[in-house]
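Reader: I would like to go through the terms used for this model one by one, and to hear on what grounds each of them is applied.

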Amino acid sequence: MDIDKLAVLALADTLLASDGSLPALLAACSRVFEVPLPWAPRVCGALIERTGENFHFFSRQELADILWHLLGRDDAGLAALPFTELPPVRRYCLDLPQQPPKPAWLAALALPELPTVGDLAAWLGEPVGALDWFSDQWRADGAAQAALQHYHYRWVPKRSGGWRLIEIPKARLRRLQHKVLRQLLDRVPPHAAAHGFRRGHSCRTHAALHAGQQAVLRMDLKDFFPSIRAARIHALFEKLGYPPRVAGTLARLCVNRAPHGIFRAGQGGAMLPWAERQALKSPHLPQGSPCSPALANLCAYRLDLRLAALAQSLGASYSRYADDLAFSGGADLARAADRFHIQVAAIALEEGFQVNTRKTRLMRESVRQQVTGVVVNARPNLARDEYDRLKAILTNCVRHGPVSQNRSGHPHFRAHLAGKISHVRMLNPQRAGRLQTLFAAIHWDLH
């Protein structure tokens, strides 16, 4: 029998704007149709029984589907109601659905209250129309000129081969993203296994978990940032308690789709595989945005949760630094490594990520074990050959001047060397002291 879907949706909207109690639901039914409804008490009672305390967690479409069932099915315990006898809708609801109470974990985060897009715009200090502009609603694919785009683009070569696209937001959009990061995302803790892009965590804390182990398994996620799509970011903001329109606007402010022009011949993108180009052309987390690292960590929460449990089943440890996965343990992990890495890849695929199998490495204690470039056989340390190479460069800078050693033409060579020494200091302060003595002896004005 034909059903008036619009009438049922209008009823669902009005019910969701009420407090969910039986008197409120009955009043909502009367308000929609403005005529006596003999079936209203039975339908509203059955609706409360069906949804319970979760009434306001249902969407309008989900609630409409339940109403459809209750009004038109004998197996629901109700007499079938001919939908041709449904009275016409007299009043549509313009009020927003009531938000369900926040769970304790969400209330404890004290996130900004942003019930409408207007509130979001006021919080960000921008007009509502500007948010549509910055969320890239009006750009036709491939039609925008560089001056109208919100990002600068730069191709950089990967150490393992291929190219990576760096997408850097322009100043005004970057300011909005920084506010979202500092006043919203930074209040949401990622899983404890995540060590990248977190205060108090580093590649050293990531590596230290795997020091002195019999076996270390290292794996890599392929195209980590581009693989996280806009729908996933939207769902994350909704999980944080924001209404769909606000969550959608926040998500669009944090994602980007690369214009077709950057893939033309002569640039790195022209050599990317088709699947990687399509991922960059679709709304995705841009590598270069201040929000992307925090969002990526939060989107990988279930992945971290499942991989930590998998590692624990073998008495092993797990941690993740951005797209680098590391597992370490004793004889059980060493024996099960062949099956274990397949299970990891399957879990990653189920969670929307893909393992780069070419970079999977099982390192036993008899060989050099490295995690994010840190040697972990006994304790976190710098590889001997890297230390010797840096020491030789500094020694030659003292003897022959820094210009002679800047073979790659680094524009900030002094800061570049200072950064390398700081990295050594984080891993081995004693070795860094020797390097610092050489660095202090360099005559930077010597040509």
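Reader: What makes Cys 397 count as buried or exposed?

Author: Cys 397 has a relative accessible area of 1% and is therefore called buried, given that buried means under 20% relative accessible area, exposed over 50% and partly exposed in between, with a 1.4 Å probe and protein chains only. The model is a predicted one, in which local features need pLDDT of at least 70 and side-chain atom pairs count only at pLDDT 80 or more, while totals for chains, interfaces and linings use all residues. Residues are numbered from 1 along each chain as its sequence is written, and side-chain values use heavy atoms, with hydrogens and water left out.

Reader: Why is the contact of Lys 102 with Glu 113 called a salt bridge?

Author: The term requires a side-chain nitrogen of Lys or Arg within 4 Å of a carboxyl oxygen of Asp or Glu, and the closest N and O atoms of Lys 102 and Glu 113 are 2.7 Å apart, so the pair qualifies. Helices (H or I, at least four residues) and strands (E, at least two) are DSSP runs, numbered from the N terminus.

Reader: Why do these two residues, Lys 102 and Glu 113, fall into the classes they do?

Author: Lys 102, at 37% relative accessibility, counts as partly exposed, whereas Glu 113, with a relative accessible area of 58%, is exposed.

Reader: What makes Arg 320 and Asp 304 a salt bridge?

Author: Their side chains meet at 2.9 Å, N to O, and the pair ties together strand β4, which holds Arg 320, and helix α14 (residues 301-312), which holds Asp 304, so that parts 16 residues apart in sequence are joined. Both Arg 320 and Asp 304 are buried.

Reader: How do you know that β3 and β5 pair?

Author: Two strands pair if DSSP finds at least two bridges between them, and β3 (residues 215-220) and β5 (residues 324-329) pair in the antiparallel sense over six bridges.
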